[in-house]
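Please keep the structure open as you read.

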There are 2 protein chains.
Amino acid sequence: MESVFEIIAEPNRRAILGLLLTNEQSVGNIERQLGMTQPTVSKHLKVLRDAGFVEATVDAQRRLYRLKPEPLEEIDAWLTPFRQFWMKHVDALERHLDRTDPPTKSKGRRKK
Amino acid sequence: MESVFEIIAEPNRRAILGLLLTNEQSVGNIERQLGMTQPTVSKHLKVLRDAGFVEATVDAQRRLYRLKPEPLEEIDAWLTPFRQFWMKHVDALERHLDRTDPPTKSKGRRKK
DNA sequence: CACGTATATACGTGATAAGGTATATGTAAA
DNA sequence: TTTACATATACCTTATCACGTATATACGTG
C-alpha cells in the first residue's frame, strides 16, 4: 500500500476519514455508523494508521482514532500545479463569455 | 474503475497527468518520456479519457492528448473540509509556539 | 496498392487487496 | 478467576487491475 493515493482510493477508508472530520471515534462507533464489520474497520484503520492518516489513543478497551493532517496535505500539494492549470481555464472561459454574450442583465461584469 | 480516486491511485497515470500539465502530448511522446510500452500508455490514456481527465484530438495518425480540469476539481472539492481541519491544526501549533517560545528574534509575530 | 508509422484492442497471466469467518489479545467487572 | 466486551490479527477466497505479447485499425506516402 505504497502511496497516499492508493490509501484514499478505497471508499470505506474515505468514509472513515469523513467521520473523523468531526470528532474522534472508537472502532465500535465507526462500525455502527458505517455498517461495516468490526474486522473490516480494524483493517482499514491499520492501513490509515500505517500511512499516518490517523492516530489512536487508548481508552480502556477502546481505541479512539483521530485525524492527522500530513498525508492529506501531501495530496493537496500534488494538486497544486493542476489547480493553477484549471484556474487558467476558468479565466479563459470567462473571457470567452465576455466576448460572446450579450451581457444578459449582468451584475456589472468588468470590461468597459 | 469507479472513482476519480482510483484513477489517480496508479503512479503511471499520475505521471501522464504530470506530463500533460505543460503541453498536450502524443501517445508516442508519452511513451518515450516515461519509458512505458505503447499499449500500456494507450490503456492508461483510455482510463483517463473515460474518466474525463484528458481528451484527445486527431492529428493524422497521432492523437494529441490534453488535460481536462473537472475530475481534478472533484478531488480538490473532496479535500476542502479536510483543509479546514488542518488549518486549525497549524493555528493551534502557532498559538502553542507563541506561548512557549521565547520570541526568537522574531519578525513581529502578533499578540500584544 | 503495398508499406511504414501511430495508436488501439484482445487475450492470457500474475500480483495484490478487500472481505468473511474464526480466533487471539487485552481490559474491566462480577 | 471467570465472564463480557472491545479491538486486533490470521487465514482463506474472490475479484480486479496492470502488464506483456500479439494483432487489429487507420492514416499517409511512395
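The surface near DNA strand D is made up of seven nonpolar, nine polar and five charged residues. Keep in mind that this is a predicted model. In total, 21 residues surround DNA strand D.

**Where chain A meets chain B**
- Contacts join 18 residues of chain A to 18 residues of chain B.
- On the chain A side, the elements giving two or more residues are α1 (4-7) and α5 (70-100).
- The largest share of that side, 11 residues, belongs to α5(A).
- By residue class, the chain A side holds 13 nonpolar residues, one polar and four charged.

**The sheet of chain B**
- Three strands form an open sheet in the order β1-β3-β2, with antiparallel pairing.
- At the edges lie β1 (25-26) and β2 (54-59) of chain B, each pairing on one side only.
- Six bridges link β2(B) to β3 (residues 62-67) of chain B in the antiparallel sense.
- Asp59(B) has Arg62(B), in β3(B), as its bridge partner.
- Helix α2 (residues 11-20) of chain B packs on the sheet and touches β1, β2 and β3 of chain B. The direction of α2(B) makes about 90 degrees with that of β3(B).

Technical notes: Residues numbered from 1 in each chain as written. Chains lettered and ligands numbered in written order. Predicted model: local features only at pLDDT ≥ 70, side-chain atom pairs only at ≥ 80, totals over all residues. Contact = placed C-beta atoms within 7 Å. Helix = DSSP H or I, 4+ residues; strand = E, 2+ residues; numbered from the N terminus. Nonpolar A, V, L, I, M, F, W, Y, C, P; charged D, E, K, R; others polar. Near = placed C-beta within 6 Å. Pairing = 2+ DSSP bridges. Axes fitted to C-alpha atoms, helices over the stretch in contact; angles between N-to-C directions.
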